Number of protein chains: 2
Amino acid sequence: MAFEITARDPGSRARAGVLRTAHGDIHTPAFVPLATKGFVRGVAPAEVAALGYEMVLGNTFHLWLAPGHALVAQLGGLHGFMGWSGPIISDSGGFQVFSMGHGTVADEIKGRAPSGAVRAGAVLAVDEHGVRFRSYLDGTEHELTPELAMEIQAALGSDIALVLDECTPFHIAREETDRSTERTHRWLDRCLRWHADHRPSTQLVYGIVQGGVYEDLRRASTSAVAATGCDGIAIGGSLGRDKEQMHEVVGWATAELDREHDERPRHLLGIGEIDDLIAGVQLGIDTFDCAMPTRLGRHGMALVPDPEARWRVNLQGARWRESTEPIMAGCPCPACGAGHTRGWLRHLLHQAEPLAGRLLTLHNLAFVARVMEDLRSGIAAGRLQEVAQALQAGASPGGL
Amino acid sequence: MAFEITARDPGSRARAGVLRTAHGDIHTPAFVPLATKGFVRGVAPAEVAALGYEMVLGNTFHLWLAPGHALVAQLGGLHGFMGWSGPIISDSGGFQVFSMGHGTVADEIKGRAPSGAVRAGAVLAVDEHGVRFRSYLDGTEHELTPELAMEIQAALGSDIALVLDECTPFHIAREETDRSTERTHRWLDRCLRWHADHRPSTQLVYGIVQGGVYEDLRRASTSAVAATGCDGIAIGGSLGRDKEQMHEVVGWATAELDREHDERPRHLLGIGEIDDLIAGVQLGIDTFDCAMPTRLGRHGMALVPDPEARWRVNLQGARWRESTEPIMAGCPCPACGAGHTRGWLRHLLHQAEPLAGRLLTLHNLAFVARVMEDLRSGIAAGRLQEVAQALQAGASPGGL
């Protein structure tokens, strides 16, 4: 078994476990930082590992377009190429392709209100065979199919591959969601078939649950995915218009899995705000990936134990001009440990100096790592509820 | 005495020494990385220190305009503000103000051929009182005077302040150079007077030698600066159209100082290519500052022991696409030590990822630190000539 559940929370669906891959173990529940294009933005692989992370996520779509999966394979696979010797999960690229087409799908999947803006669609056509699109890099035409998504991931040599799914915006009608989910299931079968035929011996494959915001479709999709021989189950697609709906949608999927006594690992795609991590763990999610900690950092935002402010503070603000405060008092991260002040970091941000984004990225990743550590040890100690409440009340993560 | 010469090379004017400041010693000859705006670009202060650097250079002009010297003073002076506890030298801002005005003065002072391009002049007027200019940040008008340059540096709390000088392009006539150099001497007196009246007790002040590319003017300027009570002597201004002329011009100044048995520390402003560091040390320069290692790094260039290629390799080049080579074999720097390959770094550069510039900056600073270490120990061991020849023949720096 690739996944062993080592503890269960009596008060929720949460579980702690160990996910075993060819490149090492991941202690769950775990957050997975993004190395979308073969690097974690601003931070070297050894630094990511030093923060306590055991797995990173690469992206099929981006690595296929640049530098190309053949080159990555030639340079030692994604592990050798990027200098990361631990486990790697690769996203299939479905979300990225369809984000280009729909423009606002990223907003919608993250539970943000639709902006109304529609970007020039780069998706040219979606049919049973796959999805044709125009590259955001050079305008060339490409087609991504379920088989190709698996072939690319085999070349990348990721420890966990994700099947190709069709991602639809959340506001589409039930009927269209139903049709799209059915197609995702057929693509899942094709992915698993390709993988069975060409099996990169140590690579695990996760299916992806779709079904939009419709309970019956989500539950049916969960069942359909669980009925296959995939090694793990990812929850993707449109999770609703806001956090409440997102938690509800995720809960349908994990409830269905629990009902079926499915003990495979579960990954929640693209979700990672602090409250969502807490809620997701309680709903029985094992791993999460999200651009949040790294993206916020690059934009001058630091994670702090302030639930009212969505756990974030904008260090570009004028109020920090004269501040000699650290990013966060008592924080053991490299940026806080060095004594860098908010006033200095604000100056760097105003000078557009990438060092600021890097230091905040280190801080944010360290913050999330401590949150996950607290949740893991909370489950193991049978006191997850207490830990979750402390975090939600604004306690500093780390040894809660 | 702030400066103690501990060894002299019998075959050249080179000397090794210890420069003592309120924030610690600098072992010379030494390279001084730029922290122009209160940070070394891409690299945290503790990392700069870990590479073996003892002093950094802040810039009066830039820090005055943003975030302002009053704010820097309030936040603990430049040391406290930027989190650097070692010695700091502050450039006076003359070069930066006049660079805005003349457009190509930076090219010219660095010994590059004039490009012919003239930027919209931001210097509004230069007269005996000072220099009026329009800020490059917001178009507001400012005047920098010798007294203000010293006042700003007192507020910054640098260990070594530089007097304000007038910088002229290299192609101006002898007569204009003469007039400008005389003004620089009068500004020197005003700077020293301000400093004597307001003396920030532990701050040293360096005068600046001008005189363009005219031997008699350079020698006269050297004598004039040496005749004052300044604590050290910087060589600035236009050093010629090419490296040969630059070495000649620097040689006139240090020869004049040697003739007068002047034992004060000598700083060469804005020079730092590998061959220039070797030549400068042999001409009797103690400290150097230059944007070269950090700027090259940000632009994808790595320093390597290849004199034919000006000690640099462009990692953006297509030839590194499939390379699994490190930046430099056997290099002990953090980037090479982590095993990052040229192929991966090229990918990062093509993705405009700042991590690439940071890793190359770390490598380049580490390279220059080892060059200076070799030159220092060469002088101490009485074998500078041998070390210099080895470096010039393409030996890897470090333990030569």
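A:Pro332 is exposed, because 10 other C-beta atoms lie within 10 Å of its own, and a residue counts as exposed if the number is 12 or fewer. The structure described here is a predicted model. A:Pro332 sits in the loop between strand S16 (312-314) and helix H13 (334-337) of chain A. When residues up to four places away in sequence are left out, A:Pro332 touches A:Gly337 and A:Gly398.

The overall form of chain A was considered next. Chain A contains 16 helices and 16 strands. Its C-alpha atoms fill a box of roughly 60 × 50 × 45 Å along the principal axes. For 400 residues, a compact globule would have a radius of gyration near 21 Å; the value for chain A is 20 Å, and so the two agree. Of the 400 residues in chain A, 57% count as buried. Contacts between residues at least 6 apart in sequence were also examined, and 67% of those in chain A join residues at least 24 apart.

The domain assignment divides chain A into domain 1, covering residues 3-290, and domain 2, covering residues 301-392. Taken over C-alpha atoms, the centres of domain 1 and domain 2 of chain A are 27 Å apart. In the contact between them, 28 residues of domain 1 of chain A meet 24 residues of domain 2 of chain A. On the domain 1 side, at least two residues each are supplied by strand S2 (15-21), strand S4 (30-32), helix H1 (45-50) and helix H11 (274-282) of chain A. H11(A) gives the most to this side, with 6 residues. By class, the residues on the domain 1 side of chain A divide into 16 nonpolar, 6 polar and 6 charged.

One pair of packed helices in chain A was described in detail. Two packed helices are described by the angle between their axes and the distance between the axes. Helix H8 (residues 174-198) and helix H9 (residues 215-226) of chain A pack at an angle of about 10°, and their axes are 11 Å apart. Angles under 35 degrees count as roughly parallel, and H8(A) and H9(A) are therefore roughly parallel to each other. In this contact, A:Thr177, A:Asp178, A:Thr181, A:His185 and A:Leu188 of H8(A) meet A:Leu217, A:Ser221, A:Ala224 and A:Val225 of H9(A). The contact of H8(A) with H9(A) is made up of 4 nonpolar, 4 polar and 1 charged residues.

The contact between the chains takes 32 residues from chain A and 32 residues from chain B. On the side of chain A that touches chain B, two or more residues are given by each of helix H3 (69-74), helix H4 (77-82), helix H14 (342-350) and helix H15 (354-380) of chain A. The largest share of this side, 5 residues, comes from H14(A). The residues of the side of chain A that touches chain B divide into 14 nonpolar, 13 polar and 5 charged.

Some details of the backbone were also noted. In chain A, the peptide bond from A:Thr28 to A:Pro29 is cis, with omega near 0°. A:Pro29 is found in the loop between strand S3 (24-28) and S4 of chain A. In chain B, a cis peptide bond joins B:Thr28 and B:Pro29, with omega about 0°. B:Pro29 is placed in the loop between strand S3 (24-28) and strand S4 (30-32) of chain B.

Positive phi values were found in residues other than glycine, including A:Arg310, where phi is near 55°. A:Arg310 lies in the loop between strand S15 (301-303) and S16 of chain A. A:Arg310 has 13 C-beta neighbours inside 10 Å and therefore counts as partly exposed. For B:His261, phi is near 50°, which is again a positive value in a residue other than glycine. B:His261 lies in the loop between helix H10 (243-259) and strand S13 (266-268) of chain B. With 6 other C-beta atoms within 10 Å, B:His261 is exposed.

Note on methods:
Residues numbered from 1 in each chain as written. Chains lettered and ligands numbered in written order. Predicted model: local features only at pLDDT ≥ 70, side-chain atom pairs only at ≥ 80, totals over all residues. Axes fitted to C-alpha atoms, helices over the stretch in contact; angles between N-to-C directions. Helix = DSSP H or I, 4+ residues; strand = E, 2+ residues; numbered from the N terminus. Parallel < 35°, antiparallel > 145°, perpendicular 65-115°, else oblique. Contact = placed C-beta atoms within 7 Å. Nonpolar A, V, L, I, M, F, W, Y, C, P; charged D, E, K, R; others polar. Rg over C-alpha atoms; globule rule 2.2 N^0.38 Å. Buried ≥ 20, exposed ≤ 12 C-beta atoms within 10 Å, placed from the backbone. Domains from an automatic or database assignment.
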